[in-house]
Amino acid sequence: MEHSIVHVVDDDEDVRKGTARLITAAGLEARTYATAREFLDAVEPDTPGCLILDLRLPDHNGLDLQAALTRRGVSIPIVFVSGHGAIPDSVRAIRGGAVDFLTKPVDAKVLLGAVACALAQGDAMR
């Protein structure tokens, strides 16, 4: 299996760092980004991995980033996390292909389970 990267896009530095520590402790590589633009500038479309994506970001919302990735032909499994998610947001995310939509604060086991599912989906897509 190829080396996978778990990308974490969240504007809250504490959440970003905590999520990255959890991912790293699980034996995976984590890369963090404070904005959608940072992620878009850094993403390598052919690199295996998944994206943990906050719904509300300072430059775009996560749903807009999901749509931008689709338009660019970037197929990366997404796990949304939000402290402000509403049912219409979660429906839009899942219809857009998201693996899961979790609410903050997220239980570590639940998040790691969603990441495992996203990585497996990514492997299957490749």
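Contact means heavy atoms within 4.5 Å. Keep that cut-off in mind for the report below.

## The model

This is a predicted model, in which local features need pLDDT of at least 70 and side-chain atom pairs count only at pLDDT 80 or more, while totals for chains, interfaces and linings use all residues. Residues are numbered from 1 along each chain as its sequence is written, and side-chain values use heavy atoms, with hydrogens and water left out.

Helices (H or I, at least four residues) and strands (E, at least two) are DSSP runs, numbered from the N terminus. Buried means under 20% relative accessible area, exposed means over 50%, and partly exposed lies in between (1.4 Å probe, protein chains only).

## Strand β1

Valine 9 lies in strand β1. Valine 9 is buried, with a relative accessible area of 1%. Leaving aside neighbours within four places in sequence, valine 9 is in contact with Tyr33, Thr35, Ala36, Phe39, Leu51, Ile52, Leu53, Asp54 and Leu57. Take Tyr33 from that list. Valine 9 and tyrosine 33 are 24 residues apart along the chain, yet their C-alpha atoms are separated by 4.8 Å.

Histidine 7 is also found in β1. Histidine 7 is buried too, with a relative accessible area of 5%. Residues up to four places away in sequence are not counted here: histidine 7 touches Arg31, Tyr33, Phe39, Cys50, Leu51, Ile52 and Ile76.

## Helix α1

Look at the start of α1. A side-chain oxygen of aspartate 12 reaches to within 2.9 Å of the backbone nitrogen of aspartate 14. This is a polar contact (a pair of N or O atoms within 3.5 Å; within protein, one must be able to donate a hydrogen and the other to accept it, and residues adjacent in sequence count only if both atoms are side-chain atoms). Just after α1, glycine 27 takes a positive phi of about 90°.

The expected span of a helix is 1.5 Å times one less than its number of residues. The 13 residues of α1 should span 18 Å, and the end C-alpha atoms are 18 Å apart, which agrees. The buried residues of α1 are Arg16, Thr19, Ala20 and Ile23. They cover an arc of only 100° around the axis, so they sit on the same side of α1. The arc is that of the directions from the helix axis to the C-beta atoms. An α-helix has 3.6 residues a turn, so residues three or four places apart point the same way. On the other side of α1, Asp14, Arg21 and Ala25 are exposed. The buried residues pack against β1, β2 (29-33), β3 and α5.

β4 is mostly covered, with 5 of its 5 residues buried. Ile78, Phe80 and Ser82 point one way from β4, and Val79 and Val81 point the other way. Two strands pair if DSSP finds at least two bridges between them. β3 and β4 pair in the parallel sense over 4 bridges. Leucine 51 stands opposite isoleucine 78 in β4. The chain crosses from β3 through helix α3 (residues 62-72) to β4, and this β-α-β crossover is right-handed. Right-handed means that, with the strands pointing away from the viewer, the path from the first strand over the helix to the second runs clockwise.

β4 and β5 also pair in the parallel sense over 4 bridges. In β5, leucine 102 is the bridge partner of valine 81. Here the chain crosses from β4 through helix α4 (residues 87-95) to β5, and this β-α-β crossover is right-handed. Valine 79 stands opposite aspartate 100 in β5.

## Into helix α5

Proline 105 lies in the loop between β5 and α5. A cis peptide bond joins lysine 104 and proline 105, with omega about -5°. Aspartate 107 then caps the N-terminal end of α5: a side-chain oxygen lies 3.0 Å from the backbone nitrogen of lysine 109.

The 18 residues of α5 (residues 108-125) should span 26 Å, and the end C-alpha atoms are 26 Å apart, which agrees. The buried residues of α5 are Leu111, Ala114, Val115, Ala118, Leu119 and Gly122. They cover an arc of only 140° around the axis, which puts them on the same side of α5. On the other side of α5, Lys109 and Ala124 are exposed. The buried residues of α5 pack against β1 (5-9), α1 (13-25), β3 (49-54), β4 (78-82) and β5 (100-103).
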